[in-house]
Amino acid sequence: MDKHQFRILEHENMQLRSQIFYLNKILDNIEEWLEGERTLKCNPDTDPMVFGRISCADFLLEQIKKWESEE
């Protein structure tokens, strides 16, 4: 492999790393937001919309943990 090919691969590697860091930051932000949703207080009988948000946040966080453990 010559220097030019090496530089091309090195540049592609840096781009992929940048994309991974960006996507990891998005995932961190999603998890942080979902954790915030879980802390909402509501009465399931009188606040079905808020209760649904909390339930959805719980299920999404559980699914994310499941996907992460599959790696």
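How many residues does H1 have, and how far does H1 reach from its first C-alpha to its last? H1 has 36 residues and reaches 52 Å. That is close to the 52 Å expected at 1.5 Å a residue. The expected span here is 1.5 Å times one less than the number of residues. Helices are DSSP runs of H or I, at least four residues, numbered from the N terminus.

Some ground rules. This is a predicted model, where local features need pLDDT of at least 70, side-chain atom pairs count only at pLDDT 80 or more, and totals for chains, interfaces and linings use all residues. Residues are numbered from 1 along each chain as its sequence is written, and side-chain values use heavy atoms, with hydrogens and water left out.

Start at the N-terminal end of H1. Asp 2 caps it. A side-chain oxygen of Asp 2 lies 3.2 Å from the backbone nitrogen of His 4.

Next, Leu 23. Leu 23 sits in H1, which covers residues 3-38. Is Leu 23 buried or exposed? Exposed, because its relative accessibility is 54%. The cut-offs: buried is under 20% relative accessible area, exposed is over 50%, and partly exposed is in between, with a 1.4 Å probe and protein chains only.

Now the inward side of the story. In H1, Glu 31, Leu 34 and Glu 37 are buried. These buried residues pack against H2. Take Glu 37. At 7% relative accessibility, Glu 37 counts as buried. Setting aside neighbours within four places in sequence, Glu 37 is in contact with Arg 53, Ile 54 and Ala 57. Contact means heavy atoms within 4.5 Å.

On to H2, residues 48-69. Its 22 residues should span 32 Å at 1.5 Å a residue. The end C-alpha atoms are 31 Å apart, so the two values agree. Which residues of H2 are buried? Ile 54, Ser 55, Ala 57, Leu 61 and Ile 64. The buried residues of H2 pack against H1.

Last stop: the loop between H1 and H2. Cys 42 is found there. Cys 42 counts as partly exposed, because its relative accessibility is 25%. Which residues does Cys 42 contact, leaving aside neighbours within four places in sequence? Asp 47, Val 50, Phe 51 and Ile 54. Met 14 is another matter. Cys 42 and Met 14 are 28 residues apart along the chain, and their C-alpha atoms are separated by 46 Å.

To recap: the buried residues of H1 pack against H2, and the buried residues of H2 pack against H1.

Notes. Helix = DSSP H or I, 4+ residues; strand = E, 2+ residues; numbered from the N terminus. Polar contact = N/O pair within 3.5 Å; in protein donor to acceptor, adjacent residues only side chain to side chain.
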